[in-house]
Amino acid sequence: LCACPSTAGPIFILGTEGSAVFGSPVCGAVILAAHYAAAVTTGIVFRGRRKPSQPRTLPPPADHDGILAGCISSAALSMLAVGGYIVISNMLVDALSLAGLGKLLSSIPSREAAECLNALIAGAVEMTRGSMAAADIPDQALAVALAAATVSFGGLSVLLQSHVFLSRCGVRFSSLLARKAVQCAAAFIYAYTLSQIIFTNL
């Protein structure tokens with residue numbers, strides 16, 4: 001079940017990705033369609049095949065005031081954890097840049113290949129930075145497909161955020177990584193196919 005709702009919001013994709021990053025509502029719509037189609041595909045691929053486990057015994061009733069206080073504390077700590085992972089991921093992308101990643105990639109003979117690799121590396125850490133790097137690729141269909149792939153993968157930032165919560169349900173990090181990798185590949189294929197159809201007819 002965790003594969004299906006592991007998505008970015010439509011406002012982020014249409015507003016940030018489409019309008020701000022690519023300057024095109026059409027690009028945002030393609031990324032949105034590919035992103036959600038990839039999530040559904042991933043959910044189907046990794047659908048549960050195990051028999052349901054035995055029902056657990058419910059704990060005794062607790063004090064409602066204590067539950068409310070615990071929920072508020074948990075929500076505040078969760079927001080801090082999510083924000084912390086975003087900050088750390090952006091710092092890691094900046095560290096890679098300061099370490100000379102750009103200079104290393106510039107040594108690749110093909111400029112387009114270097115830009116694609118840069119987008120993939122940045123997107124593997126933080127999806128927005130990966131999308132911004134993808135937007136620099138001259139081939140629009142390829143740029144949109146890479147942006148859809150990075151948004152669907154989510155980067156290390158989203159993986160760690162998700163694992164904070166899903167680990168409590170027994171979901172291993174390797175299992176989560178496999179699901180996001182499939183979602184990333186599916187989004188790339190869907191977005192590239194849609195882009196080829198739409199942009200050639202515009």
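Start by selecting L92, L96 and L156: together they form a nonpolar patch on the surface, with about 200 Å² of accessible area. A patch here gathers residues with over 30% relative accessible area and no salt bridge, joining nonpolar side chains (Val, Leu, Ile, Met, Phe, Trp, Tyr) within 5 Å and like charges within 9 Å. The areas come from the Shrake-Rupley method with a 1.4 Å probe, and for residues only the protein chains shown count as cover. Keep L156 highlighted for a moment. L156 sits in helix α8, residues 155–166, and is partly exposed at a relative accessible area of 31%. On this scale, buried means under 20% relative accessible area, exposed means over 50%, and partly exposed lies in between (1.4 Å probe, protein chains only).

Before moving on, note that this is a predicted model, in which local features need pLDDT of at least 70 and side-chain atom pairs count only at pLDDT 80 or more, while totals for chains, interfaces and linings use all residues. Residues are numbered from 1 along each chain as its sequence is written, and side-chain values use heavy atoms, leaving out hydrogens and water.

**The whole chain**

Zoom out and colour by secondary structure. You will find nine helices and zero strands in the protein chain; helices (H or I, at least four residues) and strands (E, at least two) are DSSP runs numbered from the N terminus. Along the principal axes, the C-alpha atoms fill a box of roughly 65 × 40 × 30 Å. Of the 202 residues in the chain, 34% are buried.

Next, select V93, L96, S97, L101, G102, N118, A122, R129, M132 and A133, which line the second largest pocket. Helices α3 (64–98), α4 (101–106), α5 (111–125) and α6 (127–134) each give two or more residues to this lining. The pocket has a volume of about 170 Å³. A pocket is an open set of points on a 1 Å grid over the protein atoms alone, with protein on both sides within 12 Å along at least five of seven lines; its lining residues have an atom within 4 Å of a point. Grid points are joined across faces, edges and corners, and the volume is the space filled by probe spheres set on them. By class, the lining holds six nonpolar, three polar and one charged residues.

R111 is exposed at 62%, whereas E115 is buried at 14%.

Draw a line from A99 to A75: they are 24 residues apart in sequence and 36 Å apart in space, C-alpha to C-alpha.

Finish at V21 in helix α1, residues 10–21. V21 and A147 are 126 residues apart in sequence, with 9.7 Å between their C-alpha atoms.

Methods: Salt bridge = Lys/Arg side-chain N within 4 Å of Asp/Glu carboxyl O. 1 Å grid on protein atoms, 1.4 Å probe; cavity = no way out; pocket = protein on both sides within 12 Å on 5 of 7 lines; lining within 4 Å. Nonpolar A, V, L, I, M, F, W, Y, C, P; charged D, E, K, R; others polar.
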